[in-house]
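Please open the model in a viewer and keep the selection panel at hand. The stops below are arranged so that each selection leads to the next.

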Amino acid sequence: MKAEALKGHLDALLLAVIASRPAHGYAVIEELRRRSAGAFDLPEGTVYPALHRLERAGLLHSSWASEQGRKRRVYEVTDRGASVLKDRKRDWRGFARAVDAVLGATT
Amino acid sequence: MSDRPPTSDPAGGVIERYLAGLGRELRLPPRLRRRILAEAREHLLDARSELGAAGWSILDAERRAVQRFGPSRQLGRLFVEDLAAATARRSAAATTLAVATVLAGFPVLVLAAIMSGGAPSDALPPPPSPLASVALLLAFQFAAVGGGLGLIRWLRWSGQPAIPVPGLRMLLRSSGVAVGSAMVAVTSELAILLDLPAADRGSRFAAALTAVSGIGSLATLVAVVAVGQAAVRATRQEQLVHGAAEPAPLPPDVLDDLLALTEVARSWSSWRWPAAARTLDLAVEAGRGAWAWLQGRWPRLASWVDLRGHPWRVCLAVTLAAAIGSAQWGRDPGEPLMTVALWSGLEAAAVVSGFVLLGGFLGLRPPVRPRRPELARADSSDYDL
């Protein structure tokens, strides 16, 4: 799936991945790919502007951490981020139900 | 590219060259640039290790890691656009606060004048500082118009990761006019304060003016810094876009912004408050219906409020309304007709000169150059990742 298809959803996807456990950028993109069974295969660097934006909005918090002798920027979801994620999930389910209802009716 | 591990000789250096190129694309504050480069380096090293473990040579693993990361120009632009949008939104928030603070001073001054025993119009005392009083009156109105346009554009682009250059330019122009006018307003207030006769300096009016100008100056100063910073970052984004040799879309006018804002509000509320979204839809439909009815019933009257079709007629209508409103406001029964006419004339001149000088600049009237259909307007969906 192209990055185009993720328009408007990337922020929620990143929040969902990081809400499971704090992670650095590489782990986030790997988890995104794993959970989507390879469907969300966007240029890996594009997650960083989104991560920085979410941090600036107060939905993520990040700090440097040492891991196996390497310094990594680890992101975690803030309380506000968790609340926003909850809203986004609710919105998405409502939207998906509506789309399913329409698509289902035409088959 | 196939995922099968190639069999090149080990080499390396690809990642460092890529990072050097990315560093050149990141026209950002040095601290942020260092952080992004450090994160990118760790990411690329992780990818190289993973590919190396899968049997790729170092050189091919580095090439593949860099390819997966994305073109440095595209990434640099994403970061620059993202920061420019965030800074512009922050500057719009600071501007709105500054304008609200400065405008809130007006009723405070009116109240203080009344409590001091004067008429409401004494909030802008003709003597001893007529020039400062006129400047204050005009600055309030310019700040209100600029601040209002800035607020519309801020809300329109809220939640968007990036703002296209024409939209960014209009947002900053609105903020710039609002902040500039707020500066004139607080300077005029200070001038009036300094010109007050010694006997009046202990009055309620003087105390209110001191408080209003002090708080207004502080809020305006914060907004000036924020708008200046946003302008610098917007310029960097503009340089990147021009560097990409893309066709320049036409700047959005205020009607574009209002329609887009309506759509943003409808989309935002559709899943949260369906009732609000339905009400908004009904309001938009009612507005369209009323417009169609007006055009059908009184086409000549409709042309006077058609901003795109007849911007100068709209300007004339607003000027007349402003002049009449000005003649009525704070008028004392015994006030000479000449004074009333003077204030009304000033108000009318301010509206006309504002429209002539700033109408196109702020997107209140269509651009002078002809609209070409092949130049599409900036579409927020192009930036919505």
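The model is predicted. Begin with chain B and select B:Trp304, which is placed in the loop between helix H10 (299–303) and H11 of chain B. With a relative accessibility of 35%, B:Trp304 counts as partly exposed. Now extend the selection to B:Trp293, B:Trp298, B:Leu301, B:Val305, B:Leu316, B:Leu320 and B:Ile324; together with B:Trp304 these residues make up a nonpolar patch on the surface, with about 830 Å² of accessible area. Helix H11 (residues 311–328) of chain B gives the patch its largest share, three residues.

**Chain A as a whole**

Next, display chain A alone. Its C-alpha trace spans about 55 × 30 × 20 Å along the principal axes. Colouring by secondary structure brings out four helices and three strands, which run α-β-α-α-β-β-α from the N terminus on. Of the 107 residues in chain A, 40% count as buried. The chain exposes about 5800 Å², of which carbon and sulfur atoms supply 54%. Among its contacts between residues at least 6 apart in sequence, 47% join residues at least 24 apart.

**The sheet of chain A**

Select the three strands of chain A. In what order do they lie in the sheet? The order is S1-S3-S2, in an open sheet with antiparallel pairing. Strand S1 (23–24) and strand S2 (60–67) stand at the edges with a single partner strand each, so one side of each has no neighbour in the sheet.

Follow S2(A) into strand S3 (residues 70–77) of chain A: the two pair in the antiparallel sense over eight bridges. They form a hairpin with two residues between them, and A:Gln68 in the turn has a positive phi of about 50°. On the other pairing, S1(A) and S3(A) are joined over two bridges, again in the antiparallel sense. Select A:Tyr75 in S3(A) to see both pairings at one residue: A:Tyr75 is the bridge partner of A:Ser62 and also of A:Ala23.

From A:Tyr75, move to A:Leu51. Apart from neighbours within four places in sequence, A:Leu51 is in contact with A:Tyr75, A:Leu14, A:Ile18, A:Gly25 and A:Leu60. Now show both chains and select A:Leu14, A:Leu51, B:Tyr18 and B:Leu44; of the 44 residues in the largest nonpolar core, these touch the most other members. At least two residues of this core come from each of helices H1 (10–20), H2 (25–35) and H3 (47–56) of chain A and helices H1 (14–25), H2 (30–53), H3 (58–69) and H4 (72–115) of chain B. H2(B) supplies the largest share, six residues. A second, separate core has 19 residues, among them B:Ala112, B:Ala113, B:Val186 and B:Ala208.

**Salt bridges**

The whole structure holds 24 salt bridges over all chains. Select A:Asp11 and A:Arg53, which form one with their closest N and O atoms 2.8 Å apart. A:Asp11 lies in helix H1 of chain A and A:Arg53 in helix H3 of chain A, so the pair ties together parts 42 residues apart in sequence. Are these two residues buried or exposed? A:Asp11 counts as buried at 18% relative accessibility, and A:Arg53 counts as buried at 12%.

In chain B, select B:Arg73 and B:Glu25, whose side chains meet in a salt bridge (3.6 Å, N to O). The pair links helix H4 of chain B, which holds B:Arg73, to helix H1 of chain B, which holds B:Glu25, across 48 residues. B:Arg73 is partly exposed at 49% relative accessibility, whereas B:Glu25 is buried at 12%.

Then select B:Arg156 and B:Asp257, a salt bridge with closest N and O atoms 2.7 Å apart. B:Arg156 lies in helix H5 (residues 130–156) and B:Asp257 in helix H8 (residues 254–272) of chain B, 101 residues apart. Both ends count as buried, B:Arg156 at 10% relative accessibility and B:Asp257 at 0%.

**Last stop: B:Gly167**

Finally, select B:Gly167 in helix H6 (residues 165–195) of chain B. B:Gly167 counts as buried, at 1% relative accessibility. Not counting residues up to four places away in sequence, B:Gly167 touches B:Trp157 and B:Pro252. Draw a C-alpha to C-alpha distance from B:Gly167 to B:Leu190: they are 23 residues apart in sequence and 35 Å apart in space.

Definitions and conventions. Residues are numbered from 1 along each chain as its sequence is written. Chains are lettered from A and ligands numbered from 1 in the order in which they are written. This is a predicted model: local features need pLDDT of at least 70, side-chain atom pairs count only at pLDDT 80 or more; totals for chains, interfaces and linings use all residues. Side-chain values use heavy atoms; hydrogens and water are left out. Patches are made of residues with over 30% relative accessible area and no salt bridge: like charges are joined within 9 Å, nonpolar side chains (Val, Leu, Ile, Met, Phe, Trp, Tyr) within 5 Å. Accessible areas come from the Shrake-Rupley method with a 1.4 Å probe; for residues, only the protein chains shown count as cover. A salt bridge is a side-chain nitrogen of Lys or Arg within 4 Å of a carboxyl oxygen of Asp or Glu. Buried means under 20% relative accessible area, exposed over 50%, partly exposed in between (1.4 Å probe, protein chains only). A nonpolar core is a set of buried Ala, Val, Leu, Ile, Met, Phe, Trp, Tyr and Cys residues joined through side-chain atoms within 4.5 Å. Contact means heavy atoms within 4.5 Å. Two strands pair if DSSP finds at least two bridges between them.
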